[in-house]
Amino acid sequence: MADGMTVIAGEAPAPKPALKVYEHAPSSVAFKKLRKRILRQTQEVVSTFGLDQLREDGTPQKWLVCLSGGKDSYGLLAALLDLQWQGGLKAELLVCNLDQMQPGFPKHVLPDYLTALGVPHKIITEDTYSIVTDKVPEGKTYCSMCSRLRRGILYRVAREEGCDAIVLGHHRDDALETFMMNLMHGGRLAAMPPALMNDEGDVKVLRPLIFTAERDLAKFSELCQFPIIPCTLCGSQDGLQRMLMKDLLDRWEEKRPGQRDVMFRALRNVRQSHLVDEKVFDFERL
């Protein structure tokens with residue numbers, strides 16, 4: 001094991017973690033509708049893009065479900081456990097949290113929560129916080145370096161645990177904000193795909209919540225009373241480009257309700273012949 005890293009493993013004694021994850025949720029009709037909508041959307045992503053297809057030997061995939069302590073990753077875990085319990089998900093789940101040693105990080109919250117829930121889990125501790133704050137110049141954002149370091153560690157853990165994929169809690173609004181950032185700053189048309197393969201070709205990245213609205217996940221988290229842990233690294237910085245894109249989308253949504261839905265439909269309705277990229281459409285053969 002590398003210096004500066006510790007691993008804590010948890011077993012899975014509880015028979016029905018999908019039910020326990022809702023123990024603090026209300027029994028209201030509104031919550032039941034919200035839960036049903038999130039599950040339906042998650043199941044649609046899984047089935048449409050074949051996320052949990054069996055391995056070549058006929059055995060289920062093993063997923064490393066990344067839990068940060070934020071509303072999105074809690075919602076992801078709840079939805080996957082629920083689908084698994086209902087027989088709508090074949091994949092085996094291993095929950096993983098990366099403790100980046102941020103000052104004030106409540107180390108007990110996630111291990112206690114996952115142990116009480118009864119799901120297999122690993123807590124990885126590695127000091128990426130010091131690396132990011134030391135290497136990133138003052139006034140620059142931490143997100144890029146932090147993300148690269150975090151992703152590299154998660155890939156390594158996935159390989160060590162025999163996982164086929166790391167599973168992230170990115171949602172519809174994350175995809176739209178990424179699309180806008182690429183459009184306005186990157187000079188390309190790209191968003192967040194529901195599935196991709198890493199450069200080495202051995203670990204996939206899956207996003208089962210890519211059809212789900214952030215507002216639904218926020219309400220879901222509030223009603224379920226998940227023990228949210230705020231980010232004190234990227235979440236502590238002002239003026240991030242992603243936040244500017246979020247504000248822009250919010251203003252459009254306020255002026256024209258449903259704008260995000262329309263924009264996301266566009267990501268699923270690409271007409272290559274009506275763009276200007278000769279690499280994706282052979283204009284010479286018209």
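Okay, let's start with Asn 182: this one is buried, at a relative accessible area of 9%, where buried means under 20%, exposed over 50% and partly exposed in between, using a 1.4 Å probe on protein chains only. Bear in mind this is a predicted model, where local features need pLDDT of at least 70, side-chain atom pairs count only at pLDDT 80 or more, and totals for chains, interfaces and linings use all residues. Numbering runs from 1 along each chain as its sequence is written, and side-chain values use heavy atoms, with hydrogens and water left out.

So, where does Asn 182 sit? In helix H7, residues 172-186; helices here are DSSP runs of H or I, at least four residues, numbered from the N terminus. Skipping residues up to four places away in sequence, Asn 182 touches Gly 187, Arg 188, Ala 190 and Ala 191, with contact being heavy atoms within 4.5 Å.

The buried residues of H10 are Gln 259, Arg 260, Met 263 and Phe 264. Down the H10 axis they fall within an arc of 130°, so they line one face of the helix; that arc is taken over directions from the helix axis to the C-beta atoms. Their cover includes H7 and helix H9, 241-255.

Now the cores, meaning sets of buried Ala, Val, Leu, Ile, Met, Phe, Trp, Tyr and Cys joined through side-chain atoms within 4.5 Å. The largest has 54 residues, and Phe 220 and Phe 226 are among those with the most contacts inside it. Helix H3, residues 71-85, gives the most to this core: 8 residues. There's also a second, separate core of 16 residues, including Leu 94 and Val 157.

Technical notes
Helices (H or I, at least four residues) and strands (E, at least two) are DSSP runs, numbered from the N terminus.
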